[in-house]
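These notebook entries record what I looked up on a first reading.

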Amino acid sequence: MLAAATARGEVVALIDTCDRFDPVSGAAAGLDLSSLLWVRGRERTGDLSHTVKRALTAAGLVLNAGGFGVVALDLADLPPRATRQIPMTTWMRVSRLLEDTKTVGLLLGPKPVARSAEGQTVVLRPTPTAGRWSGTHDRNRLFQGIECQARVIRARRPRDQCIILRPAIPEPSALTGPRPASEGGTLTPA
Amino acid sequence: MFACLYAPPRGLAFRGAEGVPRARCVTDQIVRLAREYSPRIEIHGDNLVVLDITGLTSMFGDARELGATLRRSAADRGLYLRMAVASTRTAVLLVVQERSGLTVIEPGGEVVTLASLPLDVLRILARGQAQSTATQARRGTWVSSAALAIPDFALLSTIRRWGVSTLGDLTRLPQAELFERLGEGGLTLQRFARGEDGGPLVLVPVEERFESSLALEWPVEGLEPLSFVLSRVFEQLCARLERAGVGAAVVHVHLKLVTRTIHTRTLQLPAPLRDPRVLRTLVLLDLESHAPSAGIDQVTVMVDPVPARTHQFSLLERARPAPETVSTLVARLTALVGAGRCGSPALVDSHDRASFEMRAFDPEACRFDAGTSRTRPGGRQDRVRETPVDGDWRQVAGPSGGVPLVPMVRRFRAPVAARVAVRDGRLVRVVAPPVSSGEVIRQAGPWRTSGQWWTDTGTVAADSSPATELAGCQPWDRDEWDVSLTDGGVYRIFHDRRVDCWFLEGMVD
């Protein structure tokens, strides 16, 4: 989503709570790094509530400033108990900040932690054969990507929709590049 | 009334103590001297300044006494100038070209005084103006290039061939015949010879100093009361900036403390700003992390002005945060997460995949790239068209239904130490804190990389860890694997060959 937003000419923000973002992977995914405001948190040390509080404050500051296409708050590396302790009024306040704006608020977490009337929740789960590999031997095997299942959860929707995000196996001629992990995949509806 | 200050190029004013010619800083000294007496001055080149002294006689006496005062002030500065005082600007400009010392022309006596001057003073003045205009244009400073529209030199040569040698001879020529032979230029030369002005004084604008100071009756302690003081200071300052059409590029804050020390802070702004609330907020955020050590007695704010930012908005461009908003936002975020942890990442030219650098977030810099077609590193065009609508990801896909998915690495900024079991050259088990079950299902690798070995100054301690090394600056030598474990995750691990230890670099997302 961040790469698509920067491709449209928007500026995006990433509140990286645990400092896990990899700029090399981001650039390989098509993310324009100069259009990204990256707010780096600290590694998971000490008081997690302080880390979460600081990330939420940073997200509030960015949303208050306005003008961003996507504001992503990455809580995925926090344990579920840390995200469950966030009061629900926090998410109401965030949804109020997003009202009547063209900013997309993206929340990444280990579990669904926030709900709003206009928001959507997408659950990503790896399939039983998550890793997609090419090659038949350890010496010529290359990692292609992860196949995962995306399920859209929404209260107003009568039934869940499920799609499989599956990486594509590149052509043999494309395997001569420097690193196969950056060759990408394909989004294929199930 | 006008006065003229002139430093001849070969005069004493251009000689230093050792007889070495001084630079053109003489002009700056003459300008400063003139500004002390009148704000209405006109610069005619490197060494010629005319000032309007109308109304000064009530303060300094008559014209002769005023001229003497000017001469004493110049002598105090080490300047030995030619000076003239007259009721017209042209008269003083012509007189100082020929006569040294102080020349005072009473009102109405210009024609008589100028009559004895040779005709060459017009040529000298015109040539000096032409040279000074070119020089000043190269130096980028201001000059009144069209202050005196002296006609072409060819007219002067023609007049000299008629036997006219002085300005008095020129004034006595009949106007009708002069116009018939030389046209309007001949009459203009005759007006100059009589000392008549052809136009108004072309003033040099005063370079305004943007500084505001406020002395407090009682010392201020804490940032909250200081914010009210700064609001008042910046409102006055920004009103002046707006009148002048400039913005603040650098803000200097001097806080005079009760301990008689000066607490100085300097803020470099990414864009010219003149919003008082934004500037006050930026200064307060800076003072939060660099607080003064005692109460504040006096607040002084100085601003380095630059031309204000002008921007034409477009209906076709995406809305972006304004530079004022970005400045405040980045300052607030920096105060929250620390310096160097907020900005835009930039890749560095290195094979070390963990290395990058942080740059200032500047959405204006990438504005011109917006809307252009983006190409992925593999040369493929990004086929993403829209964000998902109503949860239907199929609306994300392009016509062919294929959107490249690139695996992202969630990198441990400090690599996690791991225990890896190797059997017959194959990785069997990985045990690390974030890995719940460590049986290796599949693996790919190794890929060996190394770099910065030329900066390795000593031996590596056995207990040293890449966690303590600064990525991109320290030598590395490692074998990397991509492994899929039984917990369903795919991880990137590496064996550091320098310390013979295994580390978990990140997990593929």
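Entry on the helices. At roughly what angle do the axes of helix α12 and helix α13 of chain B cross? I worked from a predicted model. Helix α12 spans residues 276-289 of chain B and helix α13 spans residues 323-337 of chain B; their axes cross at roughly 15° and come within 10 Å. I noted the hand of the crossing of α12(B) and α13(B) as left-handed.

I then looked up which residues meet. On the side of α12(B), I listed B:Val278, B:Thr281, B:Leu282, B:Leu285, B:Glu288 and B:Ser289. Their counterparts in α13(B) are B:Glu324, B:Ser327, B:Thr328, B:Ala331, B:Arg332 and B:Ala335.

In what order do the 6 strands of the open sheet in chain B follow one another? I read the order as β13-β12-β17-β16-β15-β14 in chain B, with antiparallel pairing. At the edges I found β13 (426-431) and β14 (440-451) of chain B, each of which pairs on one side only. From one strand to the next, the twist averages 35°.

Entry on one strand pair. I followed strand β12 (residues 409-423) and strand β17 (residues 501-508), both of chain B, which pair in the antiparallel sense over 6 bridges. Opposite B:Arg411 I found B:Gly506 in β17(B).

Terms used. Residues are numbered from 1 along each chain as its sequence is written. Chains are lettered from A and ligands numbered from 1 in the order in which they are written. This is a predicted model: local features need pLDDT of at least 70, side-chain atom pairs count only at pLDDT 80 or more; totals for chains, interfaces and linings use all residues. Two strands pair if DSSP finds at least two bridges between them. Helices (H or I, at least four residues) and strands (E, at least two) are DSSP runs, numbered from the N terminus. Axes are lines fitted to C-alpha atoms, for helices over the stretch in contact, and angles run from 0 to 180 degrees between N-to-C directions. A crossing is left-handed if the near helix is turned anticlockwise from the far one by less than a right angle, and right-handed if clockwise. Two residues are in contact if their C-beta atoms, placed from the backbone, lie within 7 Å.
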